[in-house]
Amino acid sequence: MPMAIGAAGAIVVAMLFPVSAFAADEHGLPGATMSLWWALPFAGLLLSIATGPLLFHHVWEHHYGKIAALWAALVIVPLAVAFGAPAATEAVLHALLTEYMSFIVLLFALYTISGGILLAGNIHGTPLVNAGLLAVGALLASVIGTTGASMILIRPILRANDNRPFNGHVVIFFIFLVSNIGGSLTPLGDPPLFVGFLRGVDFFWTTTNLYRETLFVGVVVLAVFLAIDLILHRREAGAPKIKDPTPDTKVRLRGLANLPLLVGVIGAILLSAAWKPGVSFSVFGVGLELQNLVRDAVILALALLSLPLSYKSHRQANGFNWGPIAEVAKLFAGIFICIVPVVAILRAGHDGALAPLVALVTSAQGTPSDLAYFWLTGALSSFLDNAPTYLVFFELAGGDPQHLMTEFASTLAAISAGAVFMGANTYVGNAPNFMVYAIARHRGVKMPGFFGYMLWSGLVLIPTFLIAGFLFFGG
């Protein structure tokens, strides 16, 4: 039903805005003249992503690529009808070639390289050991990404706690800290920050501007975990003992040949930020800069090099397969296409159809309301994917990275923190969340359902974010 409504809406848009009525200007689509109907495919795709795995799992599992392609077509075809094929082609290709390709190449590299790194062996999951593993994972998340850190550490932490009757909370806090909050310090950490980097935000900007917020939220959540784990650990002392299915053995890090490859990925990104040769190539009217092409080629080569350098046994022990990254690639292709008209409308600011949203995040004095940006970005990131949500509010704040990194640095920090932190509020807020949930359930952990998990996040995360919002973004 949502897709049928979307199709009808998109066709109506094309009929309401024929070529003779409006023509795209030389700088892009005329956002000031576009209605909110253009946002319907974007909303429909995100709604499909949020509900598909939960409400119609089997259909989604086999046809998610087709569903994403359908929503994308409901953008491309009406754009071509309304503004002409050349304008529509240029707008869509600009999003795919300048942002999506770099985005998916980085995710593919981090996923592939980290999949060849195995933390073998087992230790006993006491409260202090668990807290230490969560802290290490949170720090690691900004280096190899929340997906990479989650995939490397979730199985070791499950093994460490598989003889405890109460262990579901360990996975919940793992999602909070490793799969989300820890990835807030570099563009490698979480997809929305890499989208910001692609838009011109400096590589170390988030490190220098979000470390206070990250430290505060991370320490508070870790302290709550330690208190809960200590209480449950003491309760377990009087319970019948469970035979440990994975006895403690020496912990070893395998697949060390992949570590230099991760360093190479970081080096390639830093090189593209510092090296500006001023050379670009035009592909169907879209300018591609040399430093970005070199960066993506190097990152892709490092990922492919990881395959022959890694032992198959290490990847098998990690449960590595291409399914998750294939799903991300297909869905994000649809997202980057569907968001094209939304970005055009947002760029129109007070003259566009999303003017009420602009007013909502603007104070009475006409300046951005950082607290509103933090909560609105976070609220949407809780139920939609946080990367496109970040992009929406990045554009809403003006879309000029130099302006946002200087005069309105606090606004960009609020958007970044909201997108990264609050992706932890639900299972669907960030890609690793549901992957960790699925792995834990497969290993026999009694995980809460969708709303049960939200009860945990509502009791632990929301009060923490309320305090952090008033402390760092005003109230």
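Tutor: In this predicted model, the lining of the largest pocket divides into 20 nonpolar, 10 polar and 5 charged residues.

Student: What makes a residue of that lining count as nonpolar, polar or charged?

Tutor: The class follows from the residue type: Asp, Glu, Lys and Arg count as charged, and Ala, Phe, Met and Pro are among those that count as nonpolar. Pro324, Glu327, Ala431, Phe434 and Met435 lie nearest the centre of the largest pocket, which 35 residues line.

Student: Which helices supply at least two residues each to the lining of the largest pocket?

Tutor: They are helix H2 (40-55), helix H3 (57-83), H4, H5, H12 and H18. The largest share, 7 residues, comes from H12. The volume of this pocket is about 930 Å³.

Student: How is the lining of the second largest pocket divided by class?

Tutor: It has 11 nonpolar, 9 polar and 9 charged residues. The second largest pocket holds about 670 Å³ of space. Its lining has 29 residues, and the closest to its centre are Thr98, Leu198, Arg199, Glu289 and Asn292. Arg and Glu count as charged, so Arg199 and Glu289 belong to the charged class. H4 provides the largest share of this lining, 7 residues.

Student: What makes a space a cavity and not a pocket?

Tutor: A cavity is a space where a 1.4 Å probe fits but cannot get out, whereas a pocket is open. The structure holds 4 cavities of 30 Å³ or more. The largest cavity has a volume of about 210 Å³. Among the 23 residues that line the largest cavity, Leu107, Thr147, Pro191, Val328 and Ala431 are the closest to its centre.

Student: Where does the lining of the largest cavity come from?

Tutor: Helix H4 (85-114), helix H5 (127-160), helix H7 (191-198), helix H12 (323-347) and helix H18 (431-442) each supply at least two of its residues. H4 gives the largest share, 5 residues. By class, the lining of the largest cavity has 16 nonpolar, 5 polar and 2 charged residues.

Student: How large is the second largest cavity, and which residues line it?

Tutor: It holds about 50 Å³ of space, and its lining includes Pro187, Phe197, Asp202, Trp205 and Ser416. The division by class is 7 nonpolar, 3 polar and 1 charged. H7 gives the most to this lining, with 3 residues.

Student: Why is Thr147 called buried?

Tutor: Buried means under 20% relative accessible area. Thr147 has 17% relative accessibility, so Thr147 counts as buried. Thr147 is found in helix H5. Apart from residues up to four places away in sequence, Thr147 touches Tyr111, Pro432 and Met435.

Student: Why is Asn258 called buried?

Tutor: The relative accessible area of Asn258 is 0%, and therefore Asn258 is buried by the cut-off of under 20%. Asn258 lies in the loop between strand S2 (249-254) and helix H9 (259-274).

Student: How do you know that Asn258 makes a polar contact with Gly116?

Tutor: A polar contact requires a pair of N or O atoms within 3.5 Å, one able to donate a hydrogen and the other to accept it. The side chain of Asn258 reaches the backbone oxygen of Gly116 at 3.3 Å, so the distance falls within that limit. Leaving aside neighbours within four places in sequence, Asn258 is in contact with Ile113, Gly116, Ile117, Ser306 and Ser310.

Student: How do you know that the radius of gyration agrees with that of a compact globule?

Tutor: For 475 residues, a compact globule would have a radius of gyration near 23 Å; the protein has 23 Å, and so the value agrees. Along its principal axes, the C-alpha trace spans about 75 × 50 × 45 Å.

Student: What share of the residues in the protein is buried?

Tutor: Buried residues make up 53% of the 475 residues. The protein has 19 helices and 4 strands. Among contacts between residues at least 6 apart in sequence, 81% join residues at least 24 apart.

Definitions and conventions. Residues are numbered from 1 along each chain as its sequence is written. This is a predicted model: local features need pLDDT of at least 70, side-chain atom pairs count only at pLDDT 80 or more; totals for chains, interfaces and linings use all residues. Side-chain values use heavy atoms; hydrogens and water are left out. On a 1 Å grid over the protein atoms alone, a cavity is a set of points where a 1.4 Å probe fits but cannot get out, and a pocket is an open set with protein on both sides within 12 Å along at least five of seven lines; lining residues have an atom within 4 Å of a point. Grid points are joined across faces, edges and corners, and a volume is the space filled by probe spheres set on the points. Buried means under 20% relative accessible area, exposed over 50%, partly exposed in between (1.4 Å probe, protein chains only). Contact means heavy atoms within 4.5 Å. The radius of gyration is taken over C-alpha atoms; the globule rule is 2.2 Å times the number of residues to the power 0.38.
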